Amino acid sequence: MSGTWGNKIELSIFGESHGKAIGIVINGIKPGFEIDMDKIEKEMERRAPGRNKMSTQRKEGDKPKILSGIFEGKTTGAPISMIIENSDTRSKDYSKLKDLMRPGHADYAGNRRYGGFNDYRGGGHFSGRITAPLVFAGALAKQLLEEKGIKIGAHISSVGKVKDDSFNRINISESLLEHLLKKELPLIKDEKIEEVKKEIEKVRLKGNSIGGTIECAIIGVKAGIGSPFFDSLESKIASLAFSVPAVKGIEFGLGFEISEMTGAEANDEYYVENGEIKAYSNNNGGITGGISNGMPITYKVAIKPTPSISIEQRTVNISTMENEKLVIEGRHDPCIVQRAVVVIEAIAAIAILEAIES
């Protein structure tokens, strides 16, 4: 089981949803950088469960405990290690799931891959809870990038069939990204907030769940960051995006929509203004040839509905090898999209920092 990513900025995550703790070790952070822990804790709070009816009622403070690598508020250059202790676990809710495979979860695939030795409680190491350490790493990366004038923000692009406006890919302001941070539900269009709440509440009352999409923007990245082919900027972001358990798709710029266009429509034509090279459009999402071209980097991810629903589903018992019915109990998110926004920002920050350092 691999829990390591990166070269210059190397991450190693560990822990299980219902284990004693989850955590991360981060290598490659320069010494002497002053960390704003208040900012990091605010980022952690954005992902934390139990904040409202739109998320699971599991109560976890997600308070990071620094074990090494930060001394007197500054990085030492040594590996940064951090843990988050699990406290509000109800493992009995998962006792029958040792043998009954939850549809849409990694239960069956994980059981086959690891011979039944994987921790199945709360999804174990497959759980979305393991994204909390990624948010910590991303919050740290954001602070390092801000020194370089790079800002990252995201919004809920859709929940079910309720759609928000998209970012203006040519001109994304820092003030808009800051404004989204202050919202309980980060949507560009305020009038869509109640629609999204109603969509989530509708499925919650039925014991069901709903998915959606998140659009992320990275501004301030100069042209020339990244590499072609295997180490492309898209590859770095996508590899981390697909490390988030709920992500099932990603597109940059216009993404799949660009396949319906002609070259004359899709190409981002250049011009010079005040000694800077810019583009009239940004259909490619700020990346061409795997390398940043100076325009805002934008991408969108698809988040699947939470698999844990209380509606009866068909499954199998791997112990008896019989067909059975399953109603999942416990505390689960009717929609994971709003809590995943900060995770998608975090993976963007980690990927960009890795690309800049490479």
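This is a predicted model: local features need pLDDT of at least 70, side-chain atom pairs count only at pLDDT 80 or more; totals for chains, interfaces and linings use all residues.
Residues are numbered from 1 along each chain as its sequence is written, and side-chain values use heavy atoms, with hydrogens and water left out.

**Figure 1. Overview of the chain, with eight helices and 18 strands.** Helices (H or I, at least four residues) and strands (E, at least two) are DSSP runs, numbered from the N terminus. The radius of gyration is 21 Å, close to the 21 Å from the globule rule for 358 residues, so the chain is as compact as a globular protein of that length. That radius is taken over C-alpha atoms, and the rule is 2.2 Å times the number of residues to the power 0.38. Along the principal axes, the C-alpha atoms fill a box of roughly 70 × 50 × 35 Å. Of the 358 residues, 51% count as buried (buried is under 20% relative accessible area, exposed over 50%, partly exposed in between; 1.4 Å probe, protein chains only). Among contacts with a separation of 6 or more, 72% join residues 24 or more positions apart; contact means heavy atoms within 4.5 Å.

**Figure 2. The largest nonpolar core, with 74 residues.** A nonpolar core is a set of buried Ala, Val, Leu, Ile, Met, Phe, Trp, Tyr and Cys residues joined through side-chain atoms within 4.5 Å. Ile26, Ile218 and Tyr299 touch the most other members. Helix α8 (residues 337-357) gives the most to this core, with 14 residues. Apart from this core lies another, of six residues, including Ile172, Leu177, Leu180 and Ala217. In soluble globular proteins, nonpolar side chains tend to be buried together.

**Figure 3. Close-up of Ile218 and the residues that it touches.** With residues up to four places away in sequence not counted, Ile218 touches Ile150, Lys151, Ile152, Ile237, Pro296, Ile297, Tyr299, Ala348 and Ile352. Of these, Tyr299 is, like Ile218, one of the residues that touch the most other members of the largest core.

Figure 4. Phe229 is not a glycine, yet has a positive phi of about 55°. Phe229 is exposed, with a relative accessible area of 71%. From Asp231 to Ile291 the C-alpha to C-alpha distance is 9.5 Å, and the two residues are 60 apart in sequence.

**Figure 5. Glu72 and Ile70, a loop residue and a strand residue.** Glu72 lies between β5 (70-71) and β6 (74-75). Although it is not a glycine, Glu72 has a positive phi of about 55°. Its relative accessible area is 69%, and Glu72 is exposed. Ile70 lies in strand β5. Leaving aside neighbours within four places in sequence, Ile70 is in contact with Ile35, Thr75, Thr76 and Ile80.

Figure 6. Ile200 and Ala78 are 122 residues apart in sequence and, C-alpha to C-alpha, 44 Å apart in space. Between the C-alpha atoms of Gly263 and Lys278, which are 15 residues apart along the chain, the separation is 19 Å.
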